[in-house]
Amino acid sequence: MSTLVATNKKSFGATLWDYLTTVDHKKIAIMYLIAGGFFFLVGGLEALAIRWQLVQPMNDFVSAGFYNELITMHGTTMIFLAAMPLIFAFMNAVVPLQIGARDVAFPFLNSLGFWLFLFGGIMLNVGWFTGGAADAGWTAYAPLSTTSPGEGVDYYVLGLQISGAGTLMGGINFLVTIVNMRAPGMTYMRMPLFTWTAFVASALILFAFPALTVGLFLMMFDRLFGAGFFEANMGGNAVIWQHLFWIFGHPEVYILALPAFGVFSEIISTFSKKRLFGYTAMVFATVLIGFLGFMVWAHHMFTVGMGPAANSIFAVATMAIAVPTGIKIFNWLFTLWGGSIEINTPMLWALGFIPTFTLGGMTGVMVAAASADYQFHDTYFVVAHFHYVIVGGVVFALLAGLHYWWPKMFGTILDDKLGKITFWFFFIGFHLTFFIQHFLGLMGMPRRYWTYLENQGLDLGNLVSTIGAFLMGVGTIFLLINIVKTTMKNERVGGDPWDARTLEWAIPSPPPFYNFKQLPLVRGLDPLWVEKTEGRKGMTPAEPIGDIHMPNNSFLPFVISVGLFIAGFGFIYQKHDLSWLTLIFIGMGIALGAMLTRSVKDDIGYHIHKEDLQKEAEE
Amino acid sequence: MSEHDVLNPKHMPHNPEKATLEGKNKFIGFWFFLGGESVLFASLFGTYLALNDSTNGGKSSEELFGLELVFIMTMLLLTSSLTSVYAMYHMKNNDFKKMMVWLGITVALGLGFLCFELYEFNHYIHEYEFTMRSSAFGSAFYTLVGFHGGHVVFGLLWFISLMVRNAKRGLNLYNAPKFYIASLYWHFIDVVWVFIFTVVYLMGVL
């Protein structure tokens, strides 16, 4: 069974089949990276269209209705189809390696999670081609969303439902992987910070996404089956949607932000040549932020009319998050302090992140003051605030992590000069775009409006903001050039190009499909660095060479996802014509049939034999 | 551990559901999953509590619910949880036949519960014209109780397919975790029902 001899050049069909059926977390990471990167570009183009519409007063580049679709799909795409999957890409690529595991706990589920995300994402975007995408804002507030005509919001509801199920699977998978599959000696308090943040983020996914699931179901029943959850005429209450959405939506911010913090902790520590300052405090702050993230959802609803008592409680709880976040900021600064700092592309992103994110945090405290929020609410001030957090925090981290882990994922290294050009275009463009939006907001420019009048004092600010957005676009083009160039040149790097500290750098780049030939013995925080300081080249193995258990590939995750994708269309169009119900039966039949196949067919994987591993080692 | 040892163990350990790494992963992973399920049902309960008076001029919970039927349903489901405990007890003693018998009883009790639930829904719809579309209360009631009912259906299908698949080959370290987590799932459904009984029916008639 197990042949380790690398087959030379595989045919295109074989490669495609390999990726369609793979359960290898490293390949799934690459698929997440490609799919998430694609949606990032789509969301970026939507953003540019929005900014182009707002470049001058009374512009008519797009129609008002199309503008609603653009802002809705920009937000939805960026959060669910770009940021989340890209975070998952890094979690898949790195977490098992950082804890010294051969695999994730549920390789099959891992693949299923990816395909569900992808088909859900496609479903969301199908709306563009069938008479209009979702247009009720990424928050889809009822009754705007329940009364939105056409099928746009239906695609939103079903697409998010399918891709959300995939995310939940991913979350559970990483929780179990981290609990059960750490290498000998890898105690919780020796786990790298990226793994820690992935762990807490996974816990947040576990407890946040089911609320979204329920919200989407209620929305689906209202829109497609005539239920009345949000329908005031039937006694329904639209605020329920807001609560459910934000019980999910606020933790979602931290699901994205915490792994971003993890990425920067790794990078800052690696390129300062120091262990992370205040590691224990960092872990504590991560867990605390995760906990508080659940306590503050109603700060999105200060102006709904919950009353002063509820507003005060949620205001105070929200401001409390600034404390652990502040701990983190200072720990990064103290890690830099006195370190021998190397400035390269990942480090530039990290250094740019610290002031940017701090600004976003400060406006966060401003918005958290309930009384002041009545002024900020639904203005560009809020838009500026959350882009400082999500772009300045998460996207910066994704780009930093991309440059940092690219060698580990692909075995080649991204060009540093091009990387720095990307950084400066993107960084300057970002601040031009969003800093001025604080002032636009304070001057009264409302969110989500299609256009604005002349001589309101908004012209110059909007022009500057649009110029900034296009500079970010230029930065992204340089990134793409960099990726193409690096791939073409294909200069291989060794296992540890950064002289780094954590376990993933102890094995070749890209890692063999079984990750570690022998599980490493972890003897401290930053295990690889511990070994290096004691003069060893690599990790001490914790076990003799033995058989390695591997999971079998499977086509079923793809089939299940296709089945649900087909059923989604049935659910949407049965509201016009009941004959579409057949699609539900076909789709669910495919999905459930594949699930049944999975559960009745024994699949206990295979073993790579000791002899093969030894032979490979001698070659 | 080779494939042979997993599928044909020479001697069964005391906790066969946690004897392999895969088993341990399933065990802990399923507990996490149930954590997520708790949030799912908590959200549905919250929605129900917000809407249970919004009858839109239609039937209210006092007029609809009768405790006799619900009492029988509760007894059936609670007992089925007990019988699934017996099944797991026999699994740990490596007595495959007895485990299957008790699982069979569990499935029968679950089916009984389901029949009563279908009767109940049918009764409300045809006798009182109380549907998902009649009011926000109706939407919330059928969604919450129906979601639970859907879980019961899924649990029964799960048990049945496990029993059919493994009928001829006995217990091993590959299917033991599967039986175990199916029974965990069944207990969870039971716990949710206790909350439905209290929040929906008891609070609805009192």
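1. Let's start with the surface of this predicted model. Chain A exposes about 22,900 Å², and 70% of that area comes from carbon and sulfur atoms. As for charge, there are 32 positive and 37 negative side chains, with 9 Å between the centres of the two sets.

2. Now the overall fold. Chain A holds 20 helices and two strands. Its radius of gyration is 24 Å, close to the 25 Å that the globule rule gives for 619 residues, so chain A is as compact as a globular protein of that length. Along the principal axes, the C-alpha atoms fill a box of roughly 75 × 65 × 50 Å.

3. Packing is worth a look too. Of the 619 residues in chain A, 60% are buried. Take the contacts between residues at least 6 apart in sequence: 83% of them join residues at least 24 apart.

4. A cis peptide bond links A:Ala142 to A:Pro143, with omega about 0 degrees. A:Ala140 lies in the loop between α4 and α5 as well. Its phi is positive, near 50 degrees, though the residue is not glycine. A:Ala140 is buried, at a relative accessible area of 1%.

5. Another cis peptide bond joins A:Ser509 and A:Pro510, with omega about -15 degrees. You will find A:Pro510 in the loop between α16 (459-489) and α17 (527-533).

6. Finally, A:Lys273 is in the loop between α8 (239-272) and α9 (279-292). A:Lys273 has a positive phi near 55 degrees, again in a residue other than glycine, and is partly exposed, with a relative accessible area of 27%.

Methods: Residues numbered from 1 in each chain as written. Chains lettered and ligands numbered in written order. Predicted model: local features only at pLDDT ≥ 70, side-chain atom pairs only at ≥ 80, totals over all residues. Heavy atoms only, no water. Helix = DSSP H or I, 4+ residues; strand = E, 2+ residues; numbered from the N terminus. Rg over C-alpha atoms; globule rule 2.2 N^0.38 Å. Buried < 20%, exposed > 50% of the residue type's maximum accessible area, 1.4 Å probe, protein only. Contact = heavy atoms within 4.5 Å. Areas by Shrake-Rupley, 256 points an atom, 1.4 Å probe, with all protein chains shown as cover. Lys, Arg positive; Asp, Glu negative; His and termini not counted. Charge placed at Lys NZ, Arg CZ, Asp CG, Glu CD.
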